[in-house]
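Reader: I am new to this kind of model, and I would like to learn how to read its features one at a time. Could you walk me through it?

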Amino acid sequence: MKKRIEELRSEFHKRLEEISDKRALNDLRVAYLGKKGEVSALLKGMKDLSNEAKKEAGAIINTLKKDVESAIKSYFITLEQEELYERLQKEWYDITWPEKTSVGSIHLLETAMRNLERLFTSMGFDVLNGPEMEDEEYNFTLLNIPDDHPARDTQDTFWLSNGKLLRTHTSPVQLRGMLEHKPPFKFVAPGRTYRNEAIDATHEHSFHQLEGMVVDKNITVANLIFTLKQIISYIFENDVEVRLRPSYFPFVEPGFEMDFQCQICHGKGCKVCKKTGWVEYLGCGMIHPNVLRNGGIDPDVYSGFAFGGGVERLIMMKYSIDDIRHFTAGDIRFLSQF
Ligand code: PHE
């Protein structure tokens with residue numbers, strides 16, 4: 001029996017040397033220490049021995065068992081370390097390497113719209129939404145622009161097969177607002193607008209406007225001027241001069257165009273303001289009595305002002321952006337600057 005045990009011991013060490021992974025190591029462990037393994041077989045084989053011989057054999061078998069166990073245990077640790085070392089070779093990561101991740105950001109137009117909304121809500125205005133696919137009535141007729149009115153020609157748009165159109169301005173929301181709310185009220189309506197335009201550096205077929213409107217008793221042009229000055233000063237983070245020039249929009253009376261002092265040359269005159277020191281910005285005026293009436297409001301009791309202007313133009317001026325097409329071109333070199 002002693003001889004058999006010594007054979008098993010040297011056979012075990014030989015097999016152990018050939019093993020290079022944990023699974024094979026486990027197989028070897030089962031072959032020696034498992035229920036049907038070599039050590040169990042040895043123990044079973046002891047039953048015919050004399051008591052004296054049993055004692056001696058038992059001790060040797062136990063030593064073998066312990067040796068096998070500890071050899072397997074330490075070899076297991078060696079294999080684990082080898083595995084780890086191999087992984088570290090393959091998966092190394094240089095923490096000194098400069099990280100270059102690109103994180104997206106909110107589009108500058110969206111930021112500007114949100115900022116404008118924040119400004120107006122802080123002044124007590126509500127924010128209204130209107131449909132981009134608009135009825136002819138709201139876009140023109142109810143705004144005092146009947147079918148045969150030449151003002152329609154200045155706002156050519158995309159007509160849809162269902163008889164509707166893509167709104168040419170945010171002014172239709174004036175009527176939607178008036179019909180849904182009782183005065184006094186003040187609201188703004190930011191959103192996308194469309195025109196059938198020849199596209200160039202300052203004209204796009206889709207752009208954004210912000211409409212504003214206040215209806216109450218005793219509203220005057222002074223209230224209008226104050227509000228407009230607030231917007232421009234907020235956008236340019238500066239106390240900006242504004243001025244009104246008489247102009248014509250069928251839905252206001254009197255109607256104006258508002259200019260603000262050029263923020264490039266601060267009124268001295270430059271290329272951007274065509275040497276005038278002023279930049280034409282938006283249309284505005286006191287809401288025409290006909291429009292108030294169309295919105296269910298009595299013009300003998302209430303008055304109001306309205307204004308509407310392009311958002312892109314304001315941002316272009318603020319950041320000296322020379323082409324409106326940059327907004328939608330999706331060029332990351334442009335977008336990542338904001
Ligand atoms: N809707 C006009 C435009 O797009 C601007 C405007 C709005 C004028 C409100 C007067 C009052 O040109």
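**Reading the model step by step**

Author: Gladly! Pro184 sits in the loop between α7 (172–180) and β4 (185–194). Keep in mind that the model is a predicted one.

Reader: What kind of peptide bond joins Pro183 and Pro184?

Author: Here is the general idea: most peptide bonds are trans. The bond between Pro183 and Pro184 is cis, with omega about 5°. A cis peptide bond also joins Glu253 and Pro254, where omega is about -5°. Pro254 is placed in strand β7 (residues 252–261).

Reader: Let's turn to charges. How many salt bridges does a search of the whole structure find?

Author: The general idea is that side chains of opposite charge can pair when their charged atoms come close. The search finds 21 salt bridges in the whole structure. One of them pairs Lys22 with Glu83, with 3.7 Å between the closest N and O atoms. Lys22 belongs to helix α2 and Glu83 to helix α4 (residues 51–90), so this pair ties together parts 61 residues apart in sequence. Lys22 is partly exposed at 25% relative accessible area, and Glu83 is partly exposed at 42%.

Reader: Which residue forms a salt bridge with Arg243?

Author: That is Asp259, and the N to O distance is 3.0 Å. The pair links distant parts of the chain, since Asp259 lies in strand β7 and Arg243 in strand β6 (residues 242–247), 16 residues apart. Asp259 is buried, with a relative accessible area of 2%, whereas Arg243 is partly exposed at 33%.

Reader: What about Arg152 and Asp147?

Author: Arg152 and Asp147 form a salt bridge as well, their closest N and O atoms being 3.2 Å apart. Arg152 has a relative accessible area of 11%, so it is buried. Asp147, at 61%, is exposed.

Reader: Which residues are linked in a network of salt bridges?

Author: Such a network links Glu134, Asp135, Lys164 and Arg176.

Reader: Where do I look for a patch of positive charge on the surface?

Author: Look at Lys35, Lys36, Lys44 and Lys47, which gather in such a patch. Lys35 is placed in the loop between α2 (22–33) and α3 (38–44). With a relative accessible area of 79%, Lys35 is exposed.

Reader: Finally, let me step back to the whole protein. Which domains does the assignment give?

Author: The domain assignment gives domain 1 (2–90) and domain 2 (108–335). The C-alpha centres of domain 1 and domain 2 are 88 Å apart in this predicted model.

Terms used. Residues are numbered from 1 along each chain as its sequence is written. This is a predicted model: local features need pLDDT of at least 70, side-chain atom pairs count only at pLDDT 80 or more; totals for chains, interfaces and linings use all residues. Side-chain values use heavy atoms; hydrogens and water are left out. Domain bounds come from an automatic or database domain assignment. Patches are made of residues with over 30% relative accessible area and no salt bridge: like charges are joined within 9 Å, nonpolar side chains (Val, Leu, Ile, Met, Phe, Trp, Tyr) within 5 Å. Accessible areas come from the Shrake-Rupley method with a 1.4 Å probe; for residues, only the protein chains shown count as cover. A salt bridge is a side-chain nitrogen of Lys or Arg within 4 Å of a carboxyl oxygen of Asp or Glu. Lys and Arg count as positive and Asp and Glu as negative; His and the chain ends are not counted. The place of a charge is taken as NZ of Lys, CZ of Arg, CG of Asp or CD of Glu. Helices (H or I, at least four residues) and strands (E, at least two) are DSSP runs, numbered from the N terminus. Buried means under 20% relative accessible area, exposed over 50%, partly exposed in between (1.4 Å probe, protein chains only).
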